[in-house]
Amino acid sequence: MAVDSGRTRDGFHRPAHLRRDDRQAQQPALKPVRRPSPVRTTTRHTNALAARRAAQPVYEPPEHLDQPHRSRATAPVSPAPGAPVPPAEVSAQLAAEVEDAVRGTAAFVPTKTAPPGDAPRTPRHRARWAWEGRYLRTLLVLDFVIGVLAGVIAFEVRFGAGLTEYNARYALLSALLPIAFSATLAANRAYEKRYLFVGTDEYQRVLRAGLALTAATVFVAYAAEVRIARGWFVVALPLVTFACLLGRFLLRQLLHRARKRRGTCMRRVVVVGHELAVEAMTRQLCRERYHGLKVVGACLAAEGHVPDVPVLGTFDQIAGAVRRARADTVLVLSCPELDGHSLRRLAWHLERDDIDLIVASTLIDVAGSRTTIRPVDGLPMLHVEHPTLTGARRLVKSVFDRVGAVLLLVVAAPLLAGLALAVRVESRGPVLFRQIRVGKDGREFVIFKFRTMHVDAEARLAELRHLNEVDGALFKLRNDPRVTRVGRLLRKFSLDELPQLLNVLVGSMSLVGPRPPLPEEVAVYPDDARRRLAVRPGMTGLWQVSGRSDLSWDEAVRLDLQYVENWSLSLDLVIMLRTLSAVTRGAGAY
């Protein structure tokens, strides 16, 4: 076969464009190809694909969260040379795979409509949204009413009932006070649900709102050179702040009572973790129902059993378990099987149905105010600050304790005199009971209480030691024969502890703090319990408002350690308010 070398018979070189023209002239003429219409081809392909989908069963996206979707398609193969395959020739298997991939991707995209086959999202959480909405509306009305009453009281105290030209602007300020205070509360996020229902963050934000409104009022008055009557100012702003604190506290107590007694206003929770951890968390949530978390199911790492809790599956079946239990919250405990990628996929699935995700930390008794999340190279790192045991805040607490002790001694002087007379008439002996207790840093001091037992109580302790009803180093006997009749009444309402105000005044105790222990108790303390001695003991504390003598030794130690680690002035105020409720009920005091 001759090869075109680009040269003529004479040996001369022919140009390239002339050679190309010669080749085209030698080739036979080709008939024009009629291409099919794109519209007609697309229509035929759509009809064929719809017919195949109708003949196949509906694909349900997998519920497994820890395993990624595995495609049934084989590895791509390079196409053989030849004419391209028309769209109508696409296999049914490839079309199904495309549809599966689209559905699998849609499982991680939030949508307002429920996926096919699932129950509608709105009825599932309607009960939760109903009580949360009612609570928030009640809170808004309560804050507004408190603002109105504070404005009226401040106006009446400073100016009386008459309306004059001078006090007309203060009447306007009194009318604007509820609006300004509610707006300041909203700016400090005091209406966000994450800070309501439980914890001290809500009260801290109310205090910040009161301070912010006070500072803003002073700044505006100074900048505008407007004089404000000090009598109205001193009454209105502190009154609206502390009345709001009291109102929110009482409203929360009603919520907690409804949760404890009737089991209403609860969130339905599915707990995810290992068997022993799920069992411990379930017991704690059942004991502390005021948190509002009701365990309705559990998902374990493997098949197992949890007392009084239905096991709904394993970690691969969390989404289905949530739907079957009609839960609105998933609580994930610490376990190595659920790493960051698994939690991220779980959060994507739960986002579609507006299911709350709670991830429990391994930190014990560390409040949110001490923790901050700071990203390090894209990874969220949880930073834990040290507790405030010294410094200016402790100085403020010391001043608050002494001022409060003086005021309470003055107010309760008649009551103290009456109780002392009753103790003296009941039985022979001193009115006050003195005992050695251990205070801050292990220093011993003498505690004062009204005497509630007969004078020979210490001598009779040995014969009653075997009747002890509590564990640990404490001795408690519900029907102790050494207690007098007046003493039982004093113990029931904690009136025997009022003389401890003298200890607070001299600085050996605080109004709020851990329980003051006996030296023999401290002698058998484990290492963790000695942390209680880092602060001054208190007349009241978390141990008293959480059950007093009904608590176990371990639970009392845990509550005291929780207070030491997370102390704040707002927490002290909350505990003092809860003390009034606990003393009125008289539960756990004997």
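Mentor: Let's go to G404, which is buried, because its relative accessible area is 16% and the cut-off for buried is under 20%. Keep in mind that you're looking at a predicted model. G404 sits in helix 12, which covers residues 392-411. Now find V504: G404 and V504 are 100 residues apart in sequence, yet their C-alpha atoms are 9.0 Å apart in space.

Another link across the sequence is a salt bridge. R267 pairs with D356, and their closest N and O atoms are 2.6 Å apart. R267 belongs to strand 1 (residues 267-273) and D356 to strand 5, so this pair ties together parts that are 89 residues apart in sequence. R267 counts as buried, at 19% relative accessibility, whereas D356 is partly exposed, with a relative accessible area of 22%. The two also belong to a network of salt bridges that links E132, K193, R267 and D356.

The structure holds 20 salt bridges, so let me show you a couple of others. E555 bridges to R558, with the closest N and O atoms 2.7 Å apart. Those two are three residues apart in helix 19 (residues 553-565), which means about one helical turn separates them. E555 is buried, at 13% relative accessibility. Then there's R194 with E192, where the closest N and O atoms are 3.4 Å apart. Here R194 is exposed, with a relative accessible area of 63%, while E192 is partly exposed at 27%.

D354 is in the loop between helix 11 (340-352) and strand 5 (356-359). Its phi is positive, about 60 degrees, although D354 is not a glycine. That deserves a second glance because most residues other than glycine have a negative phi. D354 is partly exposed, with a relative accessible area of 31%. D441 also has a positive phi of about 60 degrees without being a glycine. You'll find D441 in the loop between strand 8 (432-438) and strand 9 (444-450), and D441 counts as exposed, at 52% relative accessibility.

The largest nonpolar core has 32 residues, and L185 and W232 touch the most other members. The elements giving two or more residues to this core are helix 5 (126-159), helix 6 (168-187), helix 7 (201-223) and helix 8. Helix 8 gives the most, with nine residues.

Take R262 as one example: R262 lies in helix 8 and counts as exposed, at 61% relative accessibility.

Finally, there's a nonpolar patch on the surface, formed by F144, V148, V152, L172, L176 and I179, with about 520 Å² of accessible area together. Helix 5 and helix 6 are the elements that give two or more residues to it; I179, for one, is found in helix 6.

Technical notes. Residues are numbered from 1 along each chain as its sequence is written. This is a predicted model: local features need pLDDT of at least 70, side-chain atom pairs count only at pLDDT 80 or more; totals for chains, interfaces and linings use all residues. Side-chain values use heavy atoms; hydrogens and water are left out. Helices (H or I, at least four residues) and strands (E, at least two) are DSSP runs, numbered from the N terminus. Buried means under 20% relative accessible area, exposed over 50%, partly exposed in between (1.4 Å probe, protein chains only). A nonpolar core is a set of buried Ala, Val, Leu, Ile, Met, Phe, Trp, Tyr and Cys residues joined through side-chain atoms within 4.5 Å. Patches are made of residues with over 30% relative accessible area and no salt bridge: like charges are joined within 9 Å, nonpolar side chains (Val, Leu, Ile, Met, Phe, Trp, Tyr) within 5 Å. Accessible areas come from the Shrake-Rupley method with a 1.4 Å probe; for residues, only the protein chains shown count as cover. A salt bridge is a side-chain nitrogen of Lys or Arg within 4 Å of a carboxyl oxygen of Asp or Glu.
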